[in-house]
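Here is a short report on one protein model. Keep the picture beside you as you read.

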There are 4 protein chains.
Amino acid sequence: MLKAGIVGGTGYTGAELIRLLSRHPLARAAAITSRSEAGTAVADLFPSLRGYTDLEFVTPDSGEMDGCDVVFFATPGGVAMEQARGYLERGARVIDLSADFRIRDRETWERWYGLTHASPDLLETAVYGLPEVGREAIRGAALVANPGCYPTAVQLGFLPLVEAAVVEGPLVADAKSGVSGAGRSAKIGFNLCEAGDSFKAYSASGHRHLPEIRQGLERARGGPVELTFVPHLLPMIRGIHATLYVRVPDRGVDVQELFDTRYAAEPFVDVMPPGQHPDTRSVRGANTCRISWHRPQDGDTVVVLAVEDNLVKGAAGQAVQNMNIMFGIDEIAGLDAPGMVP
Amino acid sequence: MLKAGIVGGTGYTGAELIRLLSRHPLARAAAITSRSEAGTAVADLFPSLRGYTDLEFVTPDSGEMDGCDVVFFATPGGVAMEQARGYLERGARVIDLSADFRIRDRETWERWYGLTHASPDLLETAVYGLPEVGREAIRGAALVANPGCYPTAVQLGFLPLVEAAVVEGPLVADAKSGVSGAGRSAKIGFNLCEAGDSFKAYSASGHRHLPEIRQGLERARGGPVELTFVPHLLPMIRGIHATLYVRVPDRGVDVQELFDTRYAAEPFVDVMPPGQHPDTRSVRGANTCRISWHRPQDGDTVVVLAVEDNLVKGAAGQAVQNMNIMFGIDEIAGLDAPGMVP
Amino acid sequence: MLKAGIVGGTGYTGAELIRLLSRHPLARAAAITSRSEAGTAVADLFPSLRGYTDLEFVTPDSGEMDGCDVVFFATPGGVAMEQARGYLERGARVIDLSADFRIRDRETWERWYGLTHASPDLLETAVYGLPEVGREAIRGAALVANPGCYPTAVQLGFLPLVEAAVVEGPLVADAKSGVSGAGRSAKIGFNLCEAGDSFKAYSASGHRHLPEIRQGLERARGGPVELTFVPHLLPMIRGIHATLYVRVPDRGVDVQELFDTRYAAEPFVDVMPPGQHPDTRSVRGANTCRISWHRPQDGDTVVVLAVEDNLVKGAAGQAVQNMNIMFGIDEIAGLDAPGMVP
Amino acid sequence: MLKAGIVGGTGYTGAELIRLLSRHPLARAAAITSRSEAGTAVADLFPSLRGYTDLEFVTPDSGEMDGCDVVFFATPGGVAMEQARGYLERGARVIDLSADFRIRDRETWERWYGLTHASPDLLETAVYGLPEVGREAIRGAALVANPGCYPTAVQLGFLPLVEAAVVEGPLVADAKSGVSGAGRSAKIGFNLCEAGDSFKAYSASGHRHLPEIRQGLERARGGPVELTFVPHLLPMIRGIHATLYVRVPDRGVDVQELFDTRYAAEPFVDVMPPGQHPDTRSVRGANTCRISWHRPQDGDTVVVLAVEDNLVKGAAGQAVQNMNIMFGIDEIAGLDAPGMVP
């Protein structure tokens, strides 16, 4: 039984890790840290977990994390880059759900995140944890940078077309996220009275997930990619929907075949038959990214629709998937639950 | 591996049965009937189940249901009372999620449901499937009447006090349900524009779950019970919250102790510490009924708060729990998942 | 044109006052204070008001409030009791939307609110601003205590029966409110991910609106009233629904007639025909309290259903109604808009 | 006082017309037809209108519509093209809220709507009722085709750039609508359990509003326009958000100035300062289209964000605006209410 530690377990990704690990046949949450909630039972903060965990939050230096085989960072930006080294040195493998190690280029990271990176050496060795593009590297990694929620859906939606080099011109990613993507946050803008029954774009001039997406697409293409990415806030809890616009002028391209082939062996990417419209609820609570595509009016533009649960395939579920890969466990262990509908 | 058949699988309880059975280690959905959707893949109607089931809907007479060990009726009222006998005669055990066999008194049933009962003999042998009050009878039953969603929460909330005979005077059950309690229904009143962002009572003058609740409470008390039951429609999908008002004039009664003791051995009833307020989301997708209580201003009135997921502990989950009991399987098999929060 | 000042205009009741006054034919918002937002344009904080107001938030001592005929306090508890006197002395009439002057008995107020009252003399002269019970007193009042949101709905629902002295035994008020009732607050519990798609009771052991409701009912009855009041949080923005349980054993009582007569002349109380279920959306944005009632199973218990918009009839609308009464304006001026459905 | 008749008043646009007309100082709803609800009081179907209208639904041939100065068609497709002529011949002016007269080219209309047009002569004389592009023509029109909800937001968002001829290449309109855009419909897909807490695209391969949008943009440009338009369904009631992607390679173009100038005199288009993100709730219930724009990473792509209430500026409000223009009334009469926030 793998012993998993969670650093910063009071947010939504932390709670989701505990929920997923509670069903995992080969791993268990062994310790959870929180400075602010140290001494509080996890199930007191999250009553849904009553009966499923006896853990209490502990301080990071309590010793409870010693002996963990894997440590998940479910922390705000800037924590993992300071603390990951310690766990690595004690022999644990680390999966960082924050953005600290996602951007390979240090200068780009520092510009977008407004910080000086504390561990540039780790930045170089960290492996980007999108299994669909780097499963082998993940298997051997000591430190995995778990992808962002938007970047997971947007990359999975674009990749078959970009890798096949059938794309021309700039890309547009119009993405929409449920409020949980902002974390467990007491900001007025996420109050139900503000975010409920309404819809808006945000960070349209530039969002931190843009360089992460571009990095992935440029790696796939082997060259520069022009991308416009506009995120929006949905009046709901979970779910990301990415609507992707890309020019594929060659009518000879069999788009369905490209997607089917690319993801044939992927346990967590579901390519629908042509003409479908995936809805976010179909993956609510599940580790699936579900994809469909259209070519409106048989024009040059192909529209790809990709949905995921931002807390699962977009965060904690993908982190468990990475853990499974890193430790040679069946990749779907603990993750084989369908979406909760309705 | 138990083979389970589902009659009428196109509604929410049918879909929820498939979802729960997909995770069950010792049972699997073997056949699902629907006259209107015969020939359609289940996963086409419920894309969330893509990859989790290969079943197609079949007609009831297709033969696919032969050999099922257990047959679930997830049908509208009036179907099970006609068709249950056939499955019973072929040796299957039957769990009816509709109301056809819930009321022991035939006259009462016929008055509230406006039908002539087609199988009064079965009505007499059917066992009411609330495990917390009749586990032994369920174990031996051929035909189990799975309780209604409201009756489950309301009875579990009242029972410790009624059984202990500490209650005086009339009872009030103010109950609230998410829209899925009305089934997968194309009625204008359940359109998001009508039921969303709004709240109202319905059937305040008399709801069919009233006689079912009263039957259970009168059995527990061994005498007549005066009950006012008012259901309300919540602008959300899943969840029932019952707020129960009951007079317990004797201040010497240790209410917490009554609840703790009554449910100490119950795997799916969670009694919270005093002074808590359970929220419906804490049991979203889980088979738990979570209960707390208050004695406001230290007065005569005790307020009990009970929550459940109407589709799980209030329907499909309880049906699986009953199946587990009937077949001697670990009672929590397939049901040991915490609520999905957020 | 009446000049209205608003103290503390950054919350929902403040914004609602501005919205309502923007349509008022005989009054206008002349100044709005906020220490934290001084210098900010009101329309920058509330873009919905772009084009409808040129006001900026000012500090209370800016002089902009001078010359206001009426001053609304839309402040947290404890502010009006300190500052109302100053405005009164300068000749303004004051309508306090907070709870500072709602409870006539100082000791009761101090016990429930945990403060020492700063202006006990004003507490004695303040008039409780529920027009349906004290229109004449409001007309002549210098200082009006605008009722709480729950107390408005609960009192209007109980009053015809309590005043007619047809009630026996204890009262139960099971009340449900949209999240805006908690104000414009950056607390985690009101985040859409916490309060959305869920339902729970809160303050079941005792809520501050209890003594206010009891005060009104005891005044109406001329004697003590035993009341259990349990508030709940609805996963929606606006709206209160009160479900009231009361024993009226005398079958000769014509309940409909009592309600019809009691509210025949009231412009903002709408008694529905028998057997209806008012929904909160029917009064969304309107100053109406809509009421219906049932006598389930023709028993002793009468169930009253009362809905209102907590920000309108439960706060800002009622405040404008009080202003209209105080200044001899047509009582419905600025308030004659139907609910926004859907 | 203008006498307005409404044909087909049982849907959301019909109800919204009644709501808006109830506040109109110079017009009133004089008659409302519905075959299915003839004899029902309007306020029984829409209790929010209790006290605001005494009208009953009547059959179209009841004579109640005689003498109406203006007739609104709030009917499904195909009705107005049959019945508009009759009202026109009796001297009424007609505003059709359906799509029957929106597409000038008959062949295009018949292809997208799958019907043979019953009144091609009227199609030629009908005036497209987008005041911001054709106010003068509307003034003199006998028959106005009220624009669709998506086309209003998308055209208003694109027009300043298209008219200024600063656009290159194809256009992308990623549009999202609340559920009320689908009308008052008892379809399972709009049940709260299906459309709530979820998000999806629909009609991505081709939606009927596409040719209407293209017609407007091509008229503005004076040439062909390549447009990809993908609508999505938001889990909320009212509101449309259009996110528009357009190439404006010339950095010398002052986009803000183009929008400010274009809409300076428009009472119902609100151009925000640069860098803002309008939210749909800011126009909830209001007749405003609120617009902002961004140029992400200072690239070639300009992103325009436009919001409206689909039932107001996207339907009934715009219809009243058109009525005001047609009859020489102050254009904002009955429409000068800010959005309802929260």
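**Chain A as a whole**

This is a predicted model. Chain A is built from eleven helices and 14 strands. Its radius of gyration is 19 Å, close to the 20 Å of the globule rule for 342 residues, so chain A is as compact as a globular protein of that length.

| Property of chain A | Value |
|---|---|
| Box filled by the C-alpha atoms, along the principal axes | roughly 60 × 45 × 40 Å |
| Share of the 342 residues that count as buried | 60% |
| Share of contacts with a separation of 6 or more that join residues 24 or more positions apart | 70% |

**A covered strand in chain B**

Now turn to strand β13 of chain B, residues 289-294. How many of its six residues are buried? Six of the six are, and the strand is mostly covered. Its side chains go two ways. Cys289(B), Ile291(B) and Trp293(B) point to one side, while Arg290(B), Ser292(B) and His294(B) point to the other. Both sets are buried.

Which strands pair with β13(B)? One is β12(B), residues 269-271, which runs parallel to β13(B) and is joined over three bridges. Here Val269(B) has Cys289(B) as its bridge partner. Another is β14(B), residues 301-308, which is antiparallel to β13(B) and linked by five bridges. There, Trp293(B) is partnered by Val304(B). β13(B) and β14(B) make a hairpin, with six residues between them. In the turn, Gln297(B) has a positive phi of about 50°.

**Where chains D and A meet**

Next comes a pair of chains. On chain D, 40 residues are in contact with 40 residues of chain A. Several elements of chain D supply at least two residues each to this side, among them α8 (192-195), β10 (227-233) and β14 (301-308). The most comes from β8(D), with four residues. By class, this side of chain D holds 18 nonpolar, 14 polar and eight charged residues.

How are the two copies related? The same surface serves both copies, as 100% of the contact residues of chain D recur in chain A.

Definitions and conventions
Residues numbered from 1 in each chain as written. Chains lettered and ligands numbered in written order. Predicted model: local features only at pLDDT ≥ 70, side-chain atom pairs only at ≥ 80, totals over all residues. Contact = placed C-beta atoms within 7 Å. Nonpolar A, V, L, I, M, F, W, Y, C, P; charged D, E, K, R; others polar. Buried ≥ 20, exposed ≤ 12 C-beta atoms within 10 Å, placed from the backbone. Pairing = 2+ DSSP bridges. Rg over C-alpha atoms; globule rule 2.2 N^0.38 Å.
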